[in-house]
Amino acid sequence: MDKPKKVKVSVDHRNGNHVSEERYGLSLMAMAMKGSMPIEFDCKKADCGICILRVKDGHQNLSEKTHDEKDFLMAMKADENERLACQCRVFGDVHFINEFG
Ligand code: FES
């Protein structure tokens, strides 16, 4: 049996960069819950915006925006590179900037 594919998730925080190797297709929320990805969550349903991240590279490796995520980001006048981490699954290497954390 093939080993599950791994992806590299990198986040630039104000106090430094965090890099983690994760299972293909895992959600950012699952990474945070198992302690490998320091991202803050609150509502977990595209309602509060605390988990917003800017995608520096690899946006094509993220799941499509959910309907709720699109609605929230449009209301916030967010730009195309901003995503809600609570709504994202990762299918390839990606590099984020956390401008608030
Ligand atoms: S945790 Fe509230 S929008 Fe993501």
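This is a predicted model: local features need pLDDT of at least 70, side-chain atom pairs count only at pLDDT 80 or more; totals for chains, interfaces and linings use all residues.
A residue counts as buried here if 20 or more other C-beta atoms lie within 10 Å of its own, as exposed if 12 or fewer do, and as partly exposed in between, with C-beta atoms placed from the backbone. Residues are numbered from 1 along each chain as its sequence is written.

Let us begin with the overall layout. The protein has two helices and five strands, where helices (H or I, at least four residues) and strands (E, at least two) are DSSP runs numbered from the N terminus. Read from the N terminus on, the elements follow the order β-β-α-β-α-β-β. The radius of gyration is 13 Å, close to the 13 Å that the globule rule gives for 101 residues, so the protein is as compact as a globular protein of that length. For this comparison the radius is taken over C-alpha atoms, and the rule is 2.2 Å times the number of residues to the power 0.38. Along its principal axes, the C-alpha trace spans about 45 × 30 × 25 Å.

Now turn to the strands, which pair if DSSP finds at least two bridges between them. Five strands form an open sheet in the order β2-β1-β5-β3-β4, with mixed pairing. At the edges stand β2 and β4 (82-84), each with a single partner strand, so one side of each is left without a neighbour in the sheet.

β1 and β2 form a hairpin with two residues between them. They run antiparallel, and eight bridges join β1 to β2 (residues 16-23). Within this pairing, V7 stands opposite E22, while K6 has R23 as its bridge partner.

Finally, look inside. A nonpolar core is a set of buried Ala, Val, Leu, Ile, Met, Phe, Trp, Tyr and Cys residues joined through C-beta atoms within 7 Å. The largest one has 19 residues, of which L28, C51 and A85 touch the most other members. At least two residues of this core come from each of β1 (6-13), α1 (28-33), β3 (52-57), α2 (67-75) and β5 (94-97). Leaving aside residues up to four places away in sequence, A85 touches L28, M29, I39, C51 and L53, a contact being two C-beta atoms, placed from the backbone, within 7 Å.
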